[in-house]
Amino acid sequence: MRPVIFIVAAVAVMGLAFWAYRENYATQVALKDVSRLQAEIADLREALAVQRAEWAYLNRPARLRELTDANFDRLGLLPLEPGQFGQIGQVAYPTADLPKITSPVDVIGTREEAFP
Amino acid sequence: MTRTPLRPLARILQARAAGENPDVIERENLRVRHEEIQDRARSRAEGRLLFMGVVFFAAFALIGARMGVLSASQPEEPKIAASGAQILAQRADITDRNGRVLATNMLTHALYAQPRDMVDPKGTAAKLAKIFPDLNADTLERRFTDGRSFLWVKKVLSPEQLQAVHEIGDPGLYFGPREMRLYPNGKLAAHVLGGASFGAEGVNSAEVIGTAGIEKAMDARLRDPAQGDQPLALSIDLTVQAAVEEVLSAGMIMMNAKGAAAVLMDVKTGEILALASLPDFDPNDRPQPLLIGDPGDSPLFNRAVQGVYELGSTFKIFAIAQALELGLVNPETLVDANAPMYWGKFKINEFEGHNYGPKLSVTDIITKSSNVGTAHVALMIGGLRQQAFLKSLGMFDATPVELIEAPGARPIIPKRWPDIVTITASYGHGVAASPLHLAAAYATIANGGITVKPTLLHNAPHAPGIRVISQTVATQAVGMLRNVVTKGTASMGDVPGYAVGGKTGTAEKPRRNGRGYIKDKVVNTFASVFPTNNPQYVLIVTLDEPVETTGPKPRRTAGWTAVPVAAEVIRRAAPLLGLRPEVEVVPAQAITVSAN
């Protein structure tokens with residue numbers, strides 16, 4: 001019985017050692033991967049920051065004003081004016097297509113304000 | 001364990017037979033038993049002590065070993081932890097209230113040299129001078145060859161310059177990464193942002209520190225690593241700020257002014273939506289402060305915050321509002337306004353020697369901007385109460401706005417407060433404050449009488465203000481301001497749909513030597529509130545030394561200079577603020593229909 005236990009224990013130790021060896025290298029590969037990815041993330045973040053700065057730079061009010069002035073004949077953009085605010089009631093209700101009038105009828109209407 | 005009896009019968013009988021005392025045997029046995037108990041207890045205690053000793057030794061050994069390992073090992077960043085944005089940016093961005101970028105960081109490089117590694121100092125110096133026109137080839141060559149081992153050549157490089165320096169290919173030239181503060185909008189809101197520069201510099205990085213404006217005032221917040229990835233949102237609205245600056249700049253040129261300032265503020269929260277001061281500068285390339293002359297003429301000078309001027313008649317509404325609050329007058333009370341008024345050796349005149357008297361109603365004092373009428377009202381209030389009221393409006397202290405310049409701009413208040421000061425202060429002479437002070441005070445009136453603290457931070461928690469005048473008085477005061485525009489001195493300030501109300505102010509500049517005033521140098525101010533039927537915004541426009549020259553003789557009153565500019569600012573800015581123009585309802589004429 002005893003030799004069997006020794007042999008099983010020895011095999012188990014060898015198996016575990018092999019597993020630990022592989023895990024060690026797998027961990028190192030994963031760590032390398034992580035640091036590479038982090039470098040990539042940092043690069044992308046930097047690029048993002050540059051692009052955000054560039055977006056802000058290209059959309060600066062002074063430049064937009066120059067562009068609207070330069071392209072006035074094509075775009076015709078003017079500053080927002082108070083008169084451009086509308087009421088919802090001023091928007092025309094989409095008209096349903098009326099059916100064709102086949103038999104005309106005479107209608108007599110009275111305006112209400114004519115008879116107070 | 002066998003328990004031996006204390007009085008074993010056999011020995012007792014024996015002892016009795018021998019005529020001895022059997023108690024001796026019992027005592028002997030008792031002693032033996034106690035000794036055994038003692039021995040057992042001692043050995044157990046010794047075992048416990050040993051166990052504790054081993055445990056403590058192991059614990060201390062473990063701690064000691066860990067400390068040793070920690071002190072001997074190299075520090076290393078944890079590799080597995082996720083990286084945050086703050087690793088990249090050491091200074092938080094600044095955005096406007098809608099998240100549009102006002103200040104951000106860019107990664108660039110600094111150029112330094114180690115002349116000992118240089119192959120060709122002379123050629124390198126010449127090539128560098130060709131890339132950077134501001135460098136001198138001879139100076140550079142001298143510095144490369146005078147034996148020093150290190151020198152900075154350029155603090156920031158553009159990518160093109162970096163490439164050009166790379167192409168020189170000298171091994172003695174090195175690049176250090178630099179984080180540079182960038183203001184993508186150029187001159188926009190320059191005085192708010194201030195600027196930034198490098199603090200402590202090293203080869204691998206440099207500290208970025210704020211030098212002025214909000215960059216310096218909020219330096220600790222912007223550099224806080226814990227909040228590095230959260231931008232600082234200002235109350236400024238980029239679009240509104242741009243429109244205000246554009247109109248103000250055009251107005252300044254048209255009115256031949258040497259400077260201008262504007263403050264647009266939300267009356268409910270005290271958030272400043274636009275703060276402009278002209279002339280301005282580019283914070284990316286902040287100019288040097290003036291060494292000679294008046295620092296007030298430098299573009300760095302923030303007229304809206306630092307410019308402490310006598311603001312003239314715009315102060316009149318404070319005296320009137322206080323008198324209404326104290327119940328001394330009502331809007332229809334007639335007050336003596338017979339000009340000129342004599343007080344001791346002083347003579348108080350109206351504008352251009354007019355006389356609006358002999359009696360004016362309180363409403364008309366504001367509409368016509370009568371100095372004499374206001375003076376009489378102020379005398380009714382008295383100096384002590386007047387001072388307390390102006391103090392409660394914040395006129396005696398520096399504004400609490402988040403700019404490094406603000407605490408230095410204290411209003412100029414006379415030390416003593418005799419009656420003549422009560423009179424002059426009531427119409428804004430002898431007391432000087434900044435346009436921002438005026439904005440805060442007008443916001444208090446427009447906010448229904450509750451004080452407002454000006455702030456540049458969006459959605460910052462603010463303590464509720466204190467009530468200084470009642471809602472009724474505030475409404476009456478705003479109504480009087482509306483009257484000034486509809487039929488008073490600011491008739492050019494009317495913007496259809498926005499029911500602008502406001503008060504003009506024209507103050508002559510005091511002479512440098514403190515003796516009297518310069519006649520043809522004035523500061524024109526228009527303090528306005530809109531829309532008056534439900535006040536939401538306060539706009540202050542100040543022009544420095546304007547003159548309007550379309551008429552036969554030059555005009556220097558606010559009604560001709562600051563008011564049209566302010567009206568144009570409101571016309572442009574109000575739609576951008578989402579304010580819908582409202583048609584003012586004229587009270588219908590009562591018509592009696594008689595049926596026949």
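In which strand of chain B is the place of Tyr342(B)? Tyr342(B) belongs to strand S12, residues 341-343 of chain B; helices (H or I, at least four residues) and strands (E, at least two) are DSSP runs, numbered from the N terminus. The model is a predicted one, in which local features need pLDDT of at least 70 and side-chain atom pairs count only at pLDDT 80 or more, while totals for chains, interfaces and linings use all residues. Residues are numbered from 1 along each chain as its sequence is written, and chains are lettered from A and ligands numbered from 1 in the order in which they are written.

Tyr342(B) is exposed, as 8 other C-beta atoms lie within 10 Å. A residue is termed buried if 20 or more other C-beta atoms lie within 10 Å of its own, exposed if 12 or fewer, and partly exposed in between, with C-beta atoms placed from the backbone. The C-alpha atom of Tyr342(B) is separated by 9.6 Å from that of Val372(B), and the two residues are 30 residues apart along the chain.

Chain A comprises three helices and zero strands, in the pattern α-α-α along the sequence. Of the 116 residues in chain A, 3% are buried. The contact between the chains takes 23 residues from chain A and 30 residues from chain B, where two residues are in contact if their C-beta atoms, placed from the backbone, lie within 7 Å. On the side of chain A that touches chain B, the elements giving two or more residues are helix H1 (2-58) and helix H2 (61-70) of chain A. H1(A) gives the most to this side, with 14 residues. By class, the side of chain A that touches chain B has 15 nonpolar, three polar and five charged residues. In this classification Ala, Val, Leu, Ile, Met, Phe, Trp, Tyr, Cys and Pro count as nonpolar, Asp, Glu, Lys and Arg as charged, and the others, Gly among them, as polar.

Within chain B, the axes of helix H3 (residues 121-131) and helix H4 (residues 137-145) come within 8 Å and cross at roughly 145 degrees. Axes are lines fitted to C-alpha atoms, for helices over the stretch in contact, and angles run from 0 to 180 degrees between N-to-C directions. The crossing of H3(B) and H4(B) is right-handed; a crossing is left-handed if the near helix is turned anticlockwise from the far one by less than a right angle, and right-handed if clockwise. Residues making the contact include Leu128(B) of H3(B) and Phe144(B) of H4(B). The contact of H3(B) with H4(B) has eight nonpolar, two polar and two charged residues.

Backbone geometry in chain B was also examined. A cis peptide bond with omega of about -5 degrees joins Leu278(B) and Pro279(B), and Pro279(B) lies in the loop between strand S9 (272-278) and strand S10 (309-310). Phe530(B) and Pro531(B) are likewise joined by a cis peptide bond, with omega of about -20 degrees; the loop between strand S17 (517-530) and strand S18 (537-544) holds Pro531(B).

Ala189(B), although not a glycine, has a positive phi of about 55 degrees. Its place is in the loop between strand S4 (173-182) and helix H6 (190-193) of chain B, and Ala189(B) counts as buried, with 30 C-beta neighbours inside 10 Å. Ser369(B), also a residue other than glycine, has a positive phi near 60 degrees. Ser369(B) lies in the loop between helix H11 (362-368) and helix H12 (371-381) of chain B and is buried, with 29 other C-beta atoms within 10 Å.
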